[in-house]
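Look over the sequence and the structure first.

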Amino acid sequence: MQKESIYAFRERLVTSNFPIEKDLEKSFGEEYLSLEKGVEFFGFSGEVVDNAKKDFLEFLSVSLGVEEKGGVAVELLIDPDSLGEYKGYKGRKVKVSSDGIKIFANDERGLAAAIFDLEILLKRERAAFVKKDEY
């Protein structure tokens, strides 16, 4: 084991994204949407959402090695009426289909939280694939 220099741990504390060891034996069929060609965000934009988008794109690059821009369309919509039981503070819904990803939220904070939810879904798969479903 190599000895760590004094205060080197601080770098680890402020680093939010690390490369993910991909599960090479796992295969992804038609029930998954590939984000290997990147994502492009459309729709609502604001300071909180822009920070979440920036973090998500950094996550794709650093953790999953996805460098391309474009690819899958991610539409961001503030539409409380479409949330149903998910209405409320940070209320959100993520719909993943073959056509892309639609994120519905009650407000800007909900959109940001949904972008982070999408990141968690990708971390679970340990790859740039997300299952087509409603979350």
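In what order do the strands of the open sheet lie? The order is E2-E3-E5-E4, four strands in all, and the pairing is mixed.

## Basis of the model

This is a predicted model, in which local features need pLDDT of at least 70, side-chain atom pairs count only at pLDDT 80 or more, and totals for chains, interfaces and linings use all residues. Residues are numbered from 1 along each chain as its sequence is written, and side-chain values use heavy atoms, with hydrogens and water left out.

## The sheet

Helices (H or I, at least four residues) and strands (E, at least two) are DSSP runs, numbered from the N terminus. Two strands count as paired if DSSP finds at least two bridges between them. E2 and E4 are the edge strands, each pairing on one side only. From one strand to the next, the twist averages 20°.

E4 and E5 are joined by 6 bridges in the antiparallel sense. Isoleucine 101 in E5 is the bridge partner of valine 96.

## Helices on the sheet

Angles here run from 0 to 180 degrees between N-to-C directions, with axes fitted as lines to C-alpha atoms, for helices over the stretch in contact. Contact means heavy atoms within 4.5 Å. H2 packs on the sheet and touches E2 and E3, its direction making about 170° with that of E2. H3 lies across E2, E3, E4 and E5, and runs at about 140° to E5.

H3 has 18 residues and spans 27 Å from first C-alpha to last, close to the expected 26 Å; the expected span is 1.5 Å times one less than the number of residues. Just after H3, arginine 126 has a positive phi of about 55°.

## The core

A nonpolar core is a set of buried Ala, Val, Leu, Ile, Met, Phe, Trp, Tyr and Cys residues joined through side-chain atoms within 4.5 Å. Buried means under 20% relative accessible area (1.4 Å probe, protein chains only). The largest such core holds 28 residues, of which Leu35, Phe56, Ile101 and Ile103 touch the most other members. H3 gives the most to this core, 7 residues.

Beyond its neighbours within four places in sequence, isoleucine 101 is in contact with residues including Leu33, Leu35, Val94 and Leu118. Leu118 is among the buried residues of H3.

## Confidence

pLDDT is the predictor's confidence in each residue, from 0 to 100. The chain has a mean of 87, and 87% of its residues reach 70 or more. Among the elements, E5 has the highest mean (96) and helix H1 (residues 9-14) the lowest (61). Where pLDDT is low, the predicted coordinates should not be read in detail.

Definitions and conventions:
Buried means under 20% relative accessible area, exposed over 50%, partly exposed in between (1.4 Å probe, protein chains only).
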